Amino acid sequence: MKSCNKRLEAMPFGGLYEIFTKANKLEAQGKRIIHMEIGRPDYDSPDFAKEAVKEALDRGQVHYTDVNGIEPLRKAICNKEKRRFGLEYDYETEISVMSGAAEAIGVIMLTMMNPGEEIIVPSPFFSAYREQALIAGVKLVEVPVRMEDNWQLNVEEIEKRITPNTTMLLINTPNNPAGYVLDRDNLEKIADLAKERDLIVISDECYDEFIYGEEHVSISTLDDMRERTLVVKSTSKQFSMTGWRIGYVLGPANAIKYINKVHQNFSTCATAFAQWGAVEAFNNGDSFIEDMVKEFKRRGDYLYEAFTKIDGLKIVKPKGAFYAFPDITAFGMDEREFCNYLMEEAGVVGVPGTSFGEYGKGHIRLAYCCSYEDVVEACEKIKIALGKL
Ligand SMILES: Cc1ncc(COP(=O)(O)O)c(C=O)c1O
């Protein structure tokens, strides 16, 4: 076909896809490959949630649902948010269930921003943000978050980037790809700036449950932030339900009303029977989450200890999510070369840090949501491969 939306000419191709394709090719040729490129927990979804889907199908729950999601799911989510994080939202007016957090973030940009406006995003960031901004016709402005600053956001760096066109700020804690958690003090400073400069905040908290020893603070709970924050969450990681496509937005009713309108015109509603399964996950899934997070901590701790013993790799202990984001600059290769070397020499697949924005330079991302045994094997093989350089 001849032409597409001009904005999409800037859409990056390659990155993760290129690495993934190459890894699959090597695997097909019989090479042992350890997949650490994709952020998908290796757990199955909870049995009780799967059973609830089967029952829902048998009951004929195969039709459109309310735009904002079925009432039992909205209630179950709001109860869980209150129980685990102290977030209080009205299930009737302050929540919308979406086809994943990815849809939620795109819909928020389309709903809350005008073409040409700017959204400030700490970089490195989840790569879909860039593409969603392109689709929405808004400008994504990167602000660095650095390992040397213990992965906390320097508010002056945000302030420097605010222009008359800046209307939104998007933060993501716990973070993909860097595994950091923004602490309360840092969030207070970000909140003060958002209030002072009248910014709306998207707070992507998809990894809220994956916290290792710190507390997860939602910026929406800080003074006067609820009215200017849209919290985005998902079932994908916390219940290992990535393929179910159920996420949600929590926010003030006057924003959710318009968000629903845009969501309605994209997907009408999230999948009916998946929503019924998700009700069970939210009502009965606390111990499933606790077991999985405990296991992920074991994997992350192992990886961190092993990496600190590899000459040249610099790493800060991951505090949340399930990603390690070591600094690889000592090896004199760029991120793509380094990932290719690891794949060919060690059979370990990671993602170049630059796939996550300009300030991912000098890093690679390794997802430790594969099995513990794979993490152990990967660490040994990486050590041997880097020892040869
Ligand atoms: C930070 C972040 N936000 C959003 C998403 C999208 O999640 P979902 O599967 O709910 O669309 C991901 C998925 O990897 C993510 O890492």
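A: Terms come before residues. Helices (H or I, at least four residues) and strands (E, at least two) are DSSP runs, numbered from the N terminus. This is a predicted model: local features need pLDDT of at least 70, side-chain atom pairs count only at pLDDT 80 or more, and totals for chains, interfaces and linings use all residues. Residues are numbered from 1 along each chain as its sequence is written, and side-chain values use heavy atoms, with hydrogens and water left out.

Q: Good. Where is arginine 299 found?
A: Arginine 299 sits in helix H10.

Q: Buried or exposed, that arginine 299?
A: Buried: arginine 299 has a relative accessible area of 4%. The scale is this: buried means under 20% relative accessible area, exposed over 50%, partly exposed in between (1.4 Å probe, protein chains only).

Q: What does arginine 299 touch?
A: Leaving out residues up to four places away in sequence, arginine 299 touches Asp42, Tyr43, Tyr368, Cys369, Cys370, Ser371, Tyr372 and Val375. Contact means heavy atoms within 4.5 Å.

Q: Which backbone oxygen does the side chain of arginine 299 reach at 2.5 Å?
A: The backbone oxygen of cysteine 370. There is also the backbone oxygen of cysteine 369, 3.4 Å from a polar atom of the arginine 299 side chain. A polar contact here is a pair of N or O atoms within 3.5 Å; within protein, one must be able to donate a hydrogen and the other to accept it, and residues adjacent in sequence count only if both atoms are side-chain atoms.

Q: At what angle do H10 and H12 pack?
A: About 10 degrees, with the axes 10 Å apart. H10 spans residues 286-308 and H12 spans 372-387. Axes are lines fitted to C-alpha atoms, for helices over the stretch in contact, and angles run from 0 to 180 degrees between N-to-C directions. H10 and H12 are therefore roughly parallel to each other. Angles under 35 degrees count as roughly parallel, over 145 as roughly antiparallel, 65 to 115 as roughly perpendicular and the rest as oblique.

Q: Which residues meet there, H10 against H12?
A: From H10: Glu295, Arg298, Arg299, Tyr302, Leu303, Ala306 and Phe307. From H12: Tyr372, Val375, Val376, Cys379, Glu380 and Ile382. By class, this contact has nine nonpolar, no polar and four charged residues. The classes: Ala, Val, Leu, Ile, Met, Phe, Trp, Tyr, Cys and Pro are nonpolar, Asp, Glu, Lys and Arg are charged, and the others, Gly among them, are polar.

Q: Switching topic. How many salt bridges does the structure hold?
A: There are 36. A salt bridge is a side-chain nitrogen of Lys or Arg within 4 Å of a carboxyl oxygen of Asp or Glu.

Q: What does aspartate 286 pair with?
A: Arginine 84, at 3.5 Å, N to O. Aspartate 286 is in H10 and arginine 84 in helix H3 (residues 71-85), so the pair ties together parts 202 residues apart in sequence. Arginine 84 is partly exposed, at 25% relative accessibility.

Q: Which residues are linked with Arg84 and Asp286 in a network of salt bridges?
A: Lys80, Arg83, Glu209 and Glu290. Glutamate 209 lies in the loop between strand S6 (200-204) and strand S7 (229-234). At 8% relative accessibility, glutamate 209 counts as buried. Its contacts include Lys80, Arg84 and Gln238.

Q: And what about lysine 388 and glutamate 345?
A: Their side chains meet in a salt bridge at 2.6 Å, N to O. The pair links distant parts of the chain: lysine 388 in the segment after H12, glutamate 345 in helix H11, 43 residues apart. Lysine 388 is exposed at 55%, and glutamate 345 is partly exposed at 36%.

Q: Backbone now. Where are the cis peptide bonds?
A: One joins threonine 173 and proline 174, with omega about -10 degrees. Another joins asparagine 176 and proline 177, with omega about 20 degrees. Proline 174 is in the loop between strand S5 (166-172) and helix H7 (184-196), and proline 177 is in the loop between S5 and H7.

Q: What is phi of tryptophan 151?
A: Near 55 degrees, a positive value in a residue other than glycine. Most residues other than glycine have a negative phi. Tryptophan 151 is buried, at 4% relative accessible area.
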